[in-house]
Amino acid sequence: MFNVRQAVILGAGLGSRLRGTLDDRPKGFLKLGNRPLIEESIAKLVRTGITDIVIVTGYCHEFYDQLSEKYPFVRTVLNPDFATTGSMLSLYAASQYVNSDFLLLESDLVYEYNALQTLQNSPKNNCILLSGKTGAGDEVYVGISDDRVVNMSKRRDDIKCLGGELVGISKISLELYKHMTDITPAKYKHNSQYQYEDCLVDVSDNVAIHYQCIDNLAWIEIDDENHLNKAREKIYPLVEQRDSEIIISKKVERLVLLNPGPAATTDTVKYAMVVNDICPREKEFGDLVEGIRQDLVKVVHGEGMYEAVPFASSGTGVVEACLSSVVPHDKAVLIINNGAYGKRMQQICDGYGISHIDCNIDWGKPIDCNHVEALLEQYKQDLSHIALVHHETTVGILNDITTISRIAGKFGVEVIVDAISSYAGIPIDIKDAGIHYLMGSANKCIQGMAGLSFVICKKESLENTKKIKPRNFYFNLYQNYSFFSQKHEMQFTPPVQIFYALRQAINEYFLETEQSREKRYAEMNEVLENGLQMLGFRFLVEKKYRGKILTAIIEPEDENYSFSEMHDFLYKRGFTIYPGKGATQNTFRIANMGAITTTDITNFLGHLEEYVVKKDIKLRQP
Ligand SMILES: Cc1ncc(COP(=O)(O)O)c(C=O)c1O
């Protein structure tokens with residue numbers, strides 16, 4: 001279980017001994033692999049459950065400031081006197097953001113993931129990481145006594161009982177940090193170069209500081225060209241090799257879900273749910289929800305204009321919340337139905353007695369925009385909204401929400417989009433597309449857990465709905481939104497652990513980036529569809545309309561074929577496939593969303609082929 005969720009990285013230094021190589025970049029931006037050291041460190045921190053990273057900047061701080069734009073969970077704070085002050089003043093500068101126990105790291109470290117995992121797993125609240133002998137040349141030796149750190153020095157002779165060499169990664173409790181920041185102003189008056197290591201020793205009489213030594217840890221701090229060369233030639237390749245061998249847990253079997261959600265999750269998302277019990281009415285939980293709300297909006301680029309309203313519910317719940325909360329009593333909604341989820345919106349409206357005009361299309365066929373425009377023209381007096389599904393999961397068709405929304409805009413009709421299966425898998429620019437309400441769910445392409453869904457609402461439109469006499473209670477969009485805005489608490493009991501998992505999943509999304517996630521999914525889809533085609537399977541939807549995250553495959557007519565038998569055969573081998581859903585022809589479905597890879601798809605195709613051959617199923621048309 002990973003307890004500590006905050007990290008502070010000290011990145012203010014000048015890096016003067018590496019000036020030639022650095023070219024006006026901070027040391028954290030040195031590259032040994034395909035991304036800067038600081039980003040490698042951030043990725044490791046995220047993998048160990050850190051959800052809030054504070055970087056103290058100084059020299060060329062703009063580089064770090066840009067990082068905080070890329071990763072919403074990264075914040076920067078400037079030590080303006082970085083050129084003349086020691087590292088403790090930088091750590092002191094972080095105090096405005098430090099609100100819990102944290103991991104403290106230096107920005108110029110190359111280290112294996114095991115370093116963080118060891119500290120996170122240590123039962124000790126204050127714990128300094130030590131290693132065996134490195135021969136680095138500027139080692140800091142740590143002296144210990146009775147399981148506690150008592151002194152540190154660059155001279156080996158100063159140390160009576162050696163615990164190991166200081167790595168520069170520590171776990172600091174809030175209590176210890178307070179002791180450190182309390183004494184800093186007075187110390188700084190006498191010594192502007194006051195270092196955080198000295199401060200740790202200075203407070204060690206009052207607070208127990210423990211240590212954990214990993215004898216053969218692969219790590220190096222890069223201060224000069226020699227270090228850089230050693231890092232490049234020896235340490236970095238070793239770190240890469242060891243990190244690739246890490247299995248976070250052997251207890252959870254890795255299964256490949258090819259059903260359209262709940263999608264497969266990373267182990268780190270699974271473990272993010274193992275948290276201390278907390279009452280969701282505590283400010284700490286409110287802060288977590290607020291951060292998630294903001295980032296959910298950011299995923300679809302709606303910052304400043306949109307608000308995310310989360311609900312403890314499945315996807316259908318938020319579709320219901322939206323439709324039953326936003327359509328005025330004297331107005332109607334035009335619902336486009338080219339799959340089961342479009343039809344479901346009509347059923348929800350029937351349940352609430354909300355007037356709706358239906359635009360029904362054969363499932364698997366694209367929307368005819370001219371027909372939609374004609375309906376809008378015909379019913380413009382009655383309509384307040386148009387509702388459609390972005391990625392119709394019934395058949396894997398991608399509807400053109402931007403064109404529909406532009407047409408709706410001509411009639412002053414607001415747009416409701418069910419993006420439950422596409423959110424975070426297919427890029428959406430909510431402002432550019434002119435969408436007023438967009439529904440998403442935590443368990444599909446954002447790769448979190450089931451039980452939490454959300455509506456991303458244009459703030460102006462949401463505010464207008466407060467005039468509508470509620471038809472609902474639990475699902476009232478405006479009430480849920482305003483309750484949270486006023487109290488910093490969810491109105492009804494939230495699925496606490498699922499929120500922590502979503503926090504982790506969102507961080508992993510930003511780490512992967514929007515483009516790379518789309519690319520990973522699209523590549524898996526290409527491998528899948530090519531493989532299926534080679535075997536002789538046929539697809540329901542024309543290629544140009546398919547969304548690249550789910551494929552509806554026409555069932556073979558061969559008498560040897562049985563979906564349930566094929567399902568069981570694959571399930572036993574670790575792959576879950578999905579039946580079809582009432583389209584014009586019988587289908588089964590394979591989704592390629594979630595924490596899976598092209599290798600999984602290739603392996604799946606191998607097993608599918610085995611089944612087809614074994615059962616002698618005829619797929620190609622004679
Ligand atoms: C587009 C779409 N809308 C709505 C839903 C319903 O979500 P849930 O099954 O979580 O209620 C799904 C589920 O797959 C979906 O794909």
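This is a predicted model: local features need pLDDT of at least 70, side-chain atom pairs count only at pLDDT 80 or more; totals for chains, interfaces and linings use all residues.
Local features require pLDDT of at least 70 and side-chain atom pairs pLDDT 80 or more, whereas totals for chains, interfaces and linings use all residues. Residues are numbered from 1 along each chain as its sequence is written, and side-chain values use heavy atoms, with hydrogens and water left out.

**View A. Helix α18, residues 496-512.** Helices are DSSP runs (H or I, at least four residues) numbered from the N terminus. The 17 residues of α18 reach 25 Å from first to last C-alpha, close to the expected 24 Å (1.5 Å times one less than the number of residues). Of these 17 residues, 15 are buried (under 20% relative accessible area, 1.4 Å probe, protein chains only). Threonine 513, with a positive phi near 80°, follows α18.

View B. The whole structure contains 0 disulfides (pairs of cysteine sulfur atoms within 2.5 Å). For cysteine 161, the nearest cysteine sulfur, that of cysteine 213, is 12 Å away. Cysteine 161 is partly exposed at 39% relative accessibility (between 20% and 50%). Cysteine 445 is buried, at 1%, and its sulfur lies 20 Å from the closest cysteine sulfur, in cysteine 322, too far for a bond.

**View C. The second largest pocket.** A pocket is an open set of points on a 1 Å grid over the protein atoms alone, where a 1.4 Å probe fits, with protein on both sides within 12 Å along at least five of seven lines. Its volume, the space filled by probe spheres set on the points, is about 1,100 Å³. The lining (residues with an atom within 4 Å of a point) comprises 38 residues, with Arg5, Thr51, Asp52, Asn99 and Leu288 nearest the centre. Helix α10 (283-299) and α18 each supply at least two lining residues; the largest share, 11 residues, comes from α10.
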